[in-house]
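Colleague: Can you walk me through this one? I'm new to it.
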Amino acid sequence: EGAVASGSGEIDDGDGGDGSRSALVLKPGVIYGTRYEKGVPIPLGVLFAPVSWVMRTASPVIKPVVNTFPYLLEGAIVPPASVGNVAAAAVDGAVAEEYAEGGFVSLLPHDLAVYVAK
């Protein structure tokens, strides 16, 4: 129930409903970067960066398949996003004037896969 309310921007934040507050919600799929296991770097971008590119490029083919089976595939077939893109979006959400004007902004996996810092 809370996830649905937050996803639709229906959260009562106690500001009296004047719209003076804003929110940026990041909804990434897989996040890739360099992971460290016992001090050993594992560059996940080697695998997931090409996967992200293929999924974005093949979007016109993938989208009809997802629309055919939405309950099964929606949200499961999304392009991975780099940790740098997700971090840049989070920082922009905190400091960029664009997000400070009040309102509710949601960045979906497709947005985060190609996000460029402001």
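Colleague: Is Tyr32 buried or exposed?
Modeller: Tyr32 counts as buried, because its relative accessibility is 13% and the cut-off for buried is under 20%. Keep in mind that this is a predicted model.

Colleague: How many aromatic pairs turn up in the whole structure?
Modeller: The search finds one. Tyr32 and Phe48 make up that pair, and the pair is stacked. The ring centres are 6.4 Å apart, with 25° between the planes.

Colleague: Where do the two residues sit?
Modeller: Tyr32 is in strand β2, residues 31–32. Phe48 belongs to helix α2, residues 45–57. They are 16 residues apart, so the pair links distant parts of the chain.

Colleague: And Phe48, what does it count as?
Modeller: Phe48 is partly exposed, at 22% relative accessibility.

Colleague: New topic. Which strand does β3 pair with?
Modeller: β3 (residues 34–37) pairs with β4 (residues 40–43). The sense is antiparallel, over four bridges.

Colleague: What stands opposite Tyr36 there?
Modeller: Pro41 in β4.

Colleague: How many residues lie between β3 and β4?
Modeller: Two, and the strands form a hairpin. Lys38 in the turn has a positive phi of about 55°.

Colleague: Last one. Where is Leu108?
Modeller: Leu108 is in the loop between β6 (103–107) and α7 (109–113). Leu108 counts as partly exposed, at 41% relative accessibility.

Colleague: What separates the C-alpha atoms of Leu108 and Leu26?
Modeller: A distance of 6.6 Å, although the two residues are 82 residues apart along the chain.

Methods: Residues numbered from 1 in each chain as written. Predicted model: local features only at pLDDT ≥ 70, side-chain atom pairs only at ≥ 80, totals over all residues. Heavy atoms only, no water. Phe/Tyr/Trp six-rings, centres within 6.5 Å; stacked < 30°, edge-to-face > 60°. Buried < 20%, exposed > 50% of the residue type's maximum accessible area, 1.4 Å probe, protein only. Pairing = 2+ DSSP bridges.
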